[in-house]
Amino acid sequence: MRRKPDEVDADFMQPLESLPIFLSLAGRRVVVVGGSEAAAWKADLAAASGARVDVYADAPCAKLLELARRRGEVALHAGEPALAGAALVFGVLEKDEEALALREAARAAGALIGLVDRPDLSDFSMGAIVNRSPLVIGVSTGGAAPVFAQAVRGRIETLIPAGFAAWAAAAKAWRPWVKASGLDFLARRDFWRRFTRYAFFALEREPTAEDRDALAAETRAAAEGASSGRVVLVGAGPGDPELLTLKGLRMLAGADVILFDDLVPASVLDFARREAQRINVGKRGYAPSVDQGEISALLVKLAQEGKNVVRLKGGDPMIFGRANEEIAAMREAGLDVEIVPGVTAALAGAAALGVSLTNRETARRVQFVTAHSKDGALPQDFDWAALADSRATTAVYMGNRTLPELARKLIESGADPATPAFLIERASTPDERIVAGTLADLPEKVAGQEVEGPALLLIGASLRP
Ligand code: SAH
């Protein structure tokens, strides 16, 4: 039985507590009701966004007085707030009746109302802000945990250095130039991809017109070359999405198309853009697979169409992943391939056991083998002496089915029947399971269990816990 590559839709959006939108307030009227420091902060934010701000406060705090002095667009008033023509109304009010009355008045005036500390009565809330304007990031927990939102904001702050603002501003300023540059749609996308990559390297300095011209020249050169598309083989890691590398994450986030195996967890695919095309090419030891030639041909075709293709493979792409066939196909077609390593199953297995695969005295060698030959049987051309070597640790991929025969042959080849041996299923995932035994008794122990997820054997004297 053969499978065809099947394209998988990105799911529709899961329920959202609130809809993040970014309001353009330049020249619009915003009303703030209240005289406290919190009211001053809201007025300041609105003014920073370009709004004309009218603050209604009978007893304005010092901060508000200073704000009105420093910012021409903030005016202080006393008495009944006039809400006509307001886009937004902020209220910082203690009493419920006042809050409710302001809400009614705002609704009547057709304005959205945000009441500080009263998410239940509000149309919107502000969230925590990371300001690299024109790059602006808002973090909201739906008012559930502002402290949590602040912590998330803090993390994002560290990810996006302050220098990013200048590059974001340049992106905005250069956009018309790039549009008029004669680069076609795909090339312009390529330009912005290059721009982003470049910006992360050059954050410490201001972007210049020379940067812009150099990027455009690079883009043109690439467009005139054989193809501007490329393929990256990315290791998805053993299952825990946190074991994806930062580089793999970045590649996924920039991919137009992702070809993935059955082994790749959905939680890793979630890092891709929503619009990215996802294609399951379901390769897996025993189950029906898409033909390898077909996968390679698809990779070449997509890259030649100018797409940014990520070939996502479980674990590390260079370990029992038939990467060579895909790399050869790409090179033959004159296309570049980049490789992003991943955490291979054997390493997740060692982590699961909490035992080192190497030991200064007893295991100076680690060997990765597959116990699954082309026809699914145990390979007969193993170096049995090496496998039975008591001073080496052996990781056996796809070894679940042939375990009884493998164990028997190892013992026949001189391995100690008491050598510690483990089957580790779904290493690094919440369903991780370890069956512990020895070369002599592991087959029997495993036979009594249903092993459905990917499983690996680790064998070696040094693995004795
Ligand atoms: N390139 C992958 C291996 C692909 S071969 C890597 O580097 O890990 C597929 C085999 O890998 C499975 O049959 C199983 O033996 C092993 N494997 C992959 N993920 C695993 C996991 N989470 N737990 C245990 N074994 C795993």
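This report walks through the domains, some strand pairings and the ligand site of a predicted model.

## Domains

The chain is divided into five parts: domain 1 (29-126), domain 2 (127-160), domain 3 (163-225), domain 4 (230-343) and domain 5 (346-460). Taken over C-alpha atoms, the centres of domain 3 and domain 5 are 51 Å apart.

## A β-α-β unit

Start with strand β6, residues 86-91. Its partner is strand β7, residues 112-115. The two pair in the parallel sense, over four bridges.

Helix α3 covers residues 96-108. Together, β6, α3 and β7 form a β-α-β unit, and the unit is right-handed.

## Between β7 and β8

The loop between β7 and β8 holds Asp117. Its backbone stands out: phi of Asp117 is near 65°, a positive value in a residue other than glycine. Most residues other than glycine have a negative phi.

Next comes strand β8, residues 128-132. It pairs with strand β9, residues 135-139, in the antiparallel sense. Five bridges link the two strands. Arg132 has Leu135 of β9 as its bridge partner.

A hairpin of two residues joins β8 to β9. Pro134 is found in this loop. The peptide bond between Ser133 and Pro134 is cis, with omega about 10°. Most peptide bonds are trans.

## The ligand site

The ligand is surrounded by 17 residues. The closest are Asp316, Ile319, Thr344, Ala427 and Ala455. By class, the shell has twelve nonpolar, three polar and two charged residues. Both domain 4 (230-343) and domain 5 (346-460) supply at least three residues each to this shell.

An oxygen atom of the ligand is 2.9 Å from a polar backbone atom of Ala345. At Ala455, a polar backbone atom is 2.6 Å from an oxygen atom of the ligand. Taken alone, the ligand exposes 540 Å², and the protein buries 92% of that.

Note on methods: Residues numbered from 1 in each chain as written. Predicted model: local features only at pLDDT ≥ 70, side-chain atom pairs only at ≥ 80, totals over all residues. Heavy atoms only, no water. Near = heavy atom within 4 Å. Polar contact = N/O pair within 3.5 Å; in protein donor to acceptor, adjacent residues only side chain to side chain. Areas by Shrake-Rupley, 256 points an atom, 1.4 Å probe, with all protein chains shown as cover. Nonpolar A, V, L, I, M, F, W, Y, C, P; charged D, E, K, R; others polar. Domains from an automatic or database assignment. Pairing = 2+ DSSP bridges. Right-handed = clockwise from strand over helix to strand, strands pointing away.
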